[in-house]
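Thanks for coming. Please look at the structure on the screen, and I will walk through it chain by chain.

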Amino acid sequence: MKSADVLAEGRIARRFAALKAEGRAGLVTFITAGDPDPTVSQAVLNGLPAAGADLIELGMPFTDPMADGPAIQASSLRALKAGMTVRKTLEMVRGFRKQDADTPIILMGYFNPIHAYGVEPFLADARAAGVDGLIVVDLPPEEDEELCIPALQAGVSFVRLTTPTTDEARMPMVMRNTSGFVYYVSIAGITGTASASNTAIDAAVARLKRHTDLPVAVGFGIKTPDQAAEVARVADAAVVGSAIVTRLADSLAAGVDGAAAVEDVLGFVGELAKGVRAARG
Amino acid sequence: MTKLNTYRSGPDERGHFGIFGGRFVAETLMPLILEVEKAYREARADPAFEGEMRQQLKQYVGRPNPLYYAERLTGQLGGAKIYFKREELNHTGAHKINNCIGQILLARRMGKTRIIAETGAGQHGVATATVCALYNMPCVIYMGETDIARQQPNVFRMKLLGAEVRPVTSGSGTLKDAMNEALRDWVTNVADTFYIIGTAAGPHPYPAMVRDFQSVIGDEVRTQMQELEGRLPDSLVACVGGGSNAIGLFHPFLDDSTVQMIGVEAAGRGIEKGPLDHAASINGGRPGVLHGNRTYLLQDEDGQILEGHSISAGLDYPGIGPEHSWLHDVGRVEYAYATDQEALDAFQLCARTEGIIPALESAHGLAEVIKRAPKLPKDHLMVLCLSGRGDKDIFSVAKHLGVEL
């Protein structure tokens, strides 16, 4: 595939190749950009690779996150209240890239803020800032020409979500313009709520592997190092989001100061990473 | 104005009206959306479906409702001859039931066993709870906690009808948040649940489906006006929030070039005050993507959705149906606006001159009639969609008039 060629040399491909060489799965961590404020958020972001994150999903806050559960909804509102915007999210990525040239960053969010920014300028600025991929929840393959195709042309991966409701007939269409990796949403539902069973995840990953050579990351409902380890046994990466966001929110709510809260959440990421790294040991 | 051969052929197979509409939903929902579209297409081709719907609209809803000549109001305004399409006489007191009958029949046809819906003012929630009682289906209505506080009578009605009303505390606790929460429920319960969307918005096929179910309004007006006046009306006026009563009135007339159409948005405290003070998506917003479709939205520079304001909880939504956005862009329909105060004045005038207490939503349409009718000749036939009755609004109107109930 042409688009895949363009991106084959990118950070995402390099990182998954390195993980494969190490014989282990990756840990993908999600945080919301600007949550609870730009300073703390930047400190968490900058600390993630050393804590053990292999890839980073950086949430672009939106007022109406329709696919997200209470934890990420609340984090989006905290970030927006602290003045976060798409422009500032890209600044965060630029800040991160000053100290890390290798860890892939995937922006995750909803289409309207990108639409408002303008698709072409957004892609140009995102790429220049050091963004590697996009996950946009409300853009199914039916709307590929909105952002997916322009992103691939601009050299930015478009990581597609597949779900338990994506049937065999749909699968080729869902895979067609996917690049970087495939994100399997392991439950029919919203983020941070129910968890899928291991057998269901095993079967789903096996099914996806029949349709794609891309790495498969599994997310939604992974809350503990043990759960992350279970997923890491069968998938190429485990994605943890709500649990990290909640950990940060809880310590701030308990009155812990910014620096200590950063240390705490990075400690939690370290435990998740340990789980993932030991999974196939 | 772009001249087209027809304005009634949309949407295309991907759900687009020009650049508007579409299917901007999460992958989890996409297979279900396609299933709804297919089931709807098959249902429309099935005379048995059409037959059952017509039967229920007649026997249960009470259609056709009258096209009523508002003689005193016409005399008082001294211009155009004004007719009211009396949707407020439907069972449950508004046009919302037309669409709910259609959608619940579709849900049953698809074998779905659970219904969810969002509601702002509560009219769509009441209509949904009503058809769920009628067809013995469990029903969950999402309603923002702010709206619950200001629409207590409708909350109680829904509960009497057997629905569970779930308060939505996320966001700002109004209609858009209720819609988010309903979508979250749907994504979690795709297998057994049907989402009855109340307005002509959302992912394809909803805008077209709701429009079709509401087109009974315009179809009846066409027949009734022929009977009463022997010709077509000259102008049609309807309030627009999401725009379901307006599209239902307008759509059957879109290709009749002599028929002028005016949708009336809620200008709240005034369009000039900015998007936190009104709910006029077309007059004070710009295109964006929310709740499954591209349409005019109230949003800030960063694409964050803003909370509109209107005295009418039913118009208080930061978006509008995508077909209206398109009809605006191609110039076929004019989109005007009325402020809270103009709607309040129209509300009171209607009560006193016609003995009809209109919904505050419909009063926005009437405010435009009051502005236009005096300047028009006496043989100009103007139709206002009186989309709902105002019993639900007497508390908020009393408050604005400084009366304690």
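Chain B has 16 helices and 14 strands, where helices (H or I, at least four residues) and strands (E, at least two) are DSSP runs, numbered from the N terminus. The radius of gyration of chain B is 19 Å, close to the 22 Å from the globule rule for 405 residues, so chain B is as compact as a globular protein of that length. That radius is taken over C-alpha atoms, and the globule rule is 2.2 Å times the number of residues to the power 0.38.

Before going on, some housekeeping. This is a predicted model, in which local features need pLDDT of at least 70, side-chain atom pairs count only at pLDDT 80 or more, and totals for chains, interfaces and linings use all residues. Residues are numbered from 1 along each chain as its sequence is written, while chains are lettered from A and ligands numbered from 1 in the order in which they are written.

Back to chain B. Its C-alpha trace spans about 55 × 50 × 45 Å along the principal axes. Of its 405 residues, 62% count as buried. Buried means that 20 or more other C-beta atoms lie within 10 Å of the residue's own; exposed means 12 or fewer, partly exposed is in between, and C-beta atoms are placed from the backbone. Among the contacts in chain B with a separation of 6 or more, 75% are between residues 24 or more positions apart. A contact here is two residues whose C-beta atoms, placed from the backbone, lie within 7 Å.

How is chain B divided? There is a domain 1 (26-58 + 96-210) and a domain 2 (64-93 + 214-400), with bounds that come from an automatic or database domain assignment. The C-alpha centres of domain 1 and domain 2 of chain B lie 23 Å apart. Their contact takes 30 residues from domain 1 of chain B and 28 residues from domain 2 of chain B. On the domain 1 side, several helices of chain B each supply at least two residues, including α4 (96-109), α5 (123-134) and α8 (175-188). By class, that side of domain 1 has 13 nonpolar, 13 polar and four charged residues. For the classes, Ala, Val, Leu, Ile, Met, Phe, Trp, Tyr, Cys and Pro count as nonpolar, Asp, Glu, Lys and Arg as charged, and the others, Gly among them, as polar.

α8(B) is mostly covered, with 13 of its 14 residues buried. From first C-alpha to last, α8(B) reaches 20 Å, close to the 20 Å expected at 1.5 Å a residue; the expected span is 1.5 Å times one less than the number of residues.

Now chain A, which has 13 helices and nine strands. Of the 281 residues of chain A, 58% count as buried.

Where do the chains meet? The contact takes 33 residues from chain A and 29 residues from chain B. On the side of chain A that touches chain B, α6(A) gives the most, with six residues. The residues of that side divide into 17 nonpolar, 10 polar and six charged.

The largest nonpolar core has 228 residues, and A:Ala235 and A:Ala238 have the most contacts inside it. Such a core is a set of buried Ala, Val, Leu, Ile, Met, Phe, Trp, Tyr and Cys residues joined through C-beta atoms within 7 Å. Helix α13 (residues 258-278) of chain A gives the most to this core, with nine residues. The core also draws at least three residues from each of domain 1 and domain 2 of chain B. In soluble globular proteins, nonpolar side chains tend to be buried together.

Leaving out residues up to four places away in sequence, A:Leu272 touches A:Leu27, A:Gly52, A:Pro225, A:Ala228 and A:Val240. A:Asp100 is in the loop between α5 (86-97) and β3 (105-109) of chain A. A:Asp100 has 17 C-beta neighbours inside 10 Å, so it counts as partly exposed.
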